[in-house]
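Thanks for coming. I will go through one model today, starting with side-chain contacts and ending with a helix and a surface patch.

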Amino acid sequence: MSSTVNLARAALIRRWTARLPSRDARQSLARQAWLVAVMCVAIDGLSFLTRGPGPGTWNAVLLAGVIAADLALATAPKLSGWVAVAHAAVIVALAFVMPGRNPSTAGQLVSSYRAGAWLRGRSAAAALTTVCAGILASVLITGLTAPATLLGVVAANALLPWLVGRYTTARKEHVDELRRQREAKVRDAEAEVAAAVTKERETIAVDLHDVISHHVSAIGVHAAAARLNLAGTAIPGDNPVHTSLSAVQQSGQAAMVDLRRLLSLLHEGSESADQPGVAMLPDLFTGLRASGLQVTFVVYQAPPTLPQDVDTTVYRVAQEMLTNALRHGDGRSARVELDCNDDRVGLTARNRVASAFRTSAPEGSGLGLRGMRKRAEALGGSASFGVTDDGNYWESSVTIPLAGAR
């Protein structure tokens, strides 16, 4: 229950974090705001100096007010309403000083746009009303009283920039909503795939348990029964028949242990702690020696604590290598070499080729070799197989890098 709550909390945090602009985005937005503010200062300042009255104390104060209002465009978006009010006051003052001029400034147009883009509700309506009142007052001061003219000037210099800001924000919200819907669909599709995989994995686990487990258990039971029946005969205990039956029984028990591990892996969907690894290789070789294959295990450098997937892969590869040695070799001996350093782990197996296969390749589906290669490549490694140059030995070698796996 607690893990579900933690997952839900993490998903909520990721959702809200995704809505917040990144640090780079905020810095880029601030730089662009300053660029807009400086451009407005240049345009409005040049317009005032070229079209305004001569030098004077109040004119200098008015010019400073224009520059200050324009620089305020670089402030935080939450102050957009106050910036719009400042620009409305500036254009009214400009109407008194320079009657007949354009009733708006570059900064006033941008401030109206910002008010429409960043503000909502009463703040947006109040900012729009203030700007419209400022534009209307400046036009009336200049002497324009025609209703059509007043409406057109107010709409062009106040209402239109404000509406463009609203449209820009609405469009962005629409795009964000489409993106969220797409992400939701992707998550739903991934959840459906995960559920289907889990269901199929459970089906495979049930089939493995019902089919393979039954037959392997039967093999072990029959081998044990045969040994008990032979115990009452004149056949000595060290007879090859006893040895073979013992090997069959041990192999069946080992197969059942591996099968239980695989069933646990299929049910849980992740590597469990009891998966076999490099530390269990001696036990694997001991069981094979009971079947008559004399395995020589050489460790050139003991491996460190390996990642779970690498550890299990090395064991499975060694298991498949010696299975091939039993099936296609002479069945007498095999040599396994393990070499590990800081950046890779290598496993090599060599066994004498059976005389029947000296002139032709061993018969088989090749699934074992492909399986070993896929296991190695899945971890960024490589695999090589083949008969040695003298034609007497079959050699399998797998190398797995450790840096990427860790």
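**Contacts, a helix and a patch**

Glu395 and Arg350 meet through their side chains in a salt bridge, at 2.6 Å from N to O; the term stands for a side-chain nitrogen of Lys or Arg within 4 Å of a carboxyl oxygen of Asp or Glu. This pair links distant parts of the chain, with Glu395 in strand β5 (residues 393-401) and Arg350 in strand β3 (residues 344-353), 45 residues apart. Helices (H or I, at least four residues) and strands (E, at least two) are DSSP runs, numbered from the N terminus.

Before going on, the ground rules. This is a predicted model, where local features need pLDDT of at least 70 and side-chain atom pairs count only at pLDDT 80 or more, while totals for chains, interfaces and linings use all residues. Residues are numbered from 1 along each chain as its sequence is written, and side-chain values use heavy atoms, with hydrogens and water left out.

Back to that pair. Glu395 is partly exposed, at a relative accessible area of 29%, and Arg350 is partly exposed at 36%. For these classes, buried means under 20% relative accessible area, exposed over 50%, and partly exposed in between, with a 1.4 Å probe and protein chains only. Arg350 also lies over the face of Tyr393, 5.7 Å from the ring centre. The criterion there is NZ of Lys or CZ of Arg within 6 Å of the ring centre and within 35 degrees of the ring normal.

How many salt bridges does the structure hold? The number is seven. One of them joins Arg180 to Glu177, at 2.9 Å from N to O. Both residues lie in helix α7 (residues 147-231), three residues apart, about one turn of the helix. Arg180 is partly exposed at 33% relative accessible area, and Glu177 is partly exposed at 34%. Another salt bridge is formed by Glu337 with Arg335, whose closest N and O atoms are 2.8 Å apart. Glu337 is partly exposed at 22%, and Arg335 is partly exposed at 35%.

Now the aromatic rings. The structure holds one aromatic pair. Phe285 and Phe297 form that pair, which is edge-to-face, with 4.9 Å centre to centre and 65° between the planes. Rings of Phe, Tyr and Trp (its six-membered ring) pair if their centres lie within 6.5 Å; planes under 30 degrees apart count as stacked, over 60 as edge-to-face and the rest as tilted. Phe285 lies in helix α9 (residues 281-290) and Phe297 in strand β1 (residues 294-299), so the pair ties together parts twelve residues apart in sequence. Is Phe285 buried or exposed? Phe285 is buried, with a relative accessible area of 1%, whereas Phe297 is partly exposed at 25%.

Next, helix α4 (residues 80-97). Its 18 residues reach 26 Å from first C-alpha to last, close to the 26 Å expected at 1.5 Å a residue; the expected span is 1.5 Å times one less than the number of residues. The buried residues of α4 include Val83, His87, Ile91 and Leu94.

Last, the surface. Trp34, Val38 and Leu71 form a nonpolar patch there, with about 280 Å² of accessible area together. Leu71 belongs to helix α3 (residues 57-71) and is partly exposed at 36% relative accessibility. Patches are made of residues with over 30% relative accessible area and no salt bridge, like charges being joined within 9 Å and nonpolar side chains (Val, Leu, Ile, Met, Phe, Trp, Tyr) within 5 Å. Accessible areas come from the Shrake-Rupley method with a 1.4 Å probe, and for residues only the protein chains shown count as cover.
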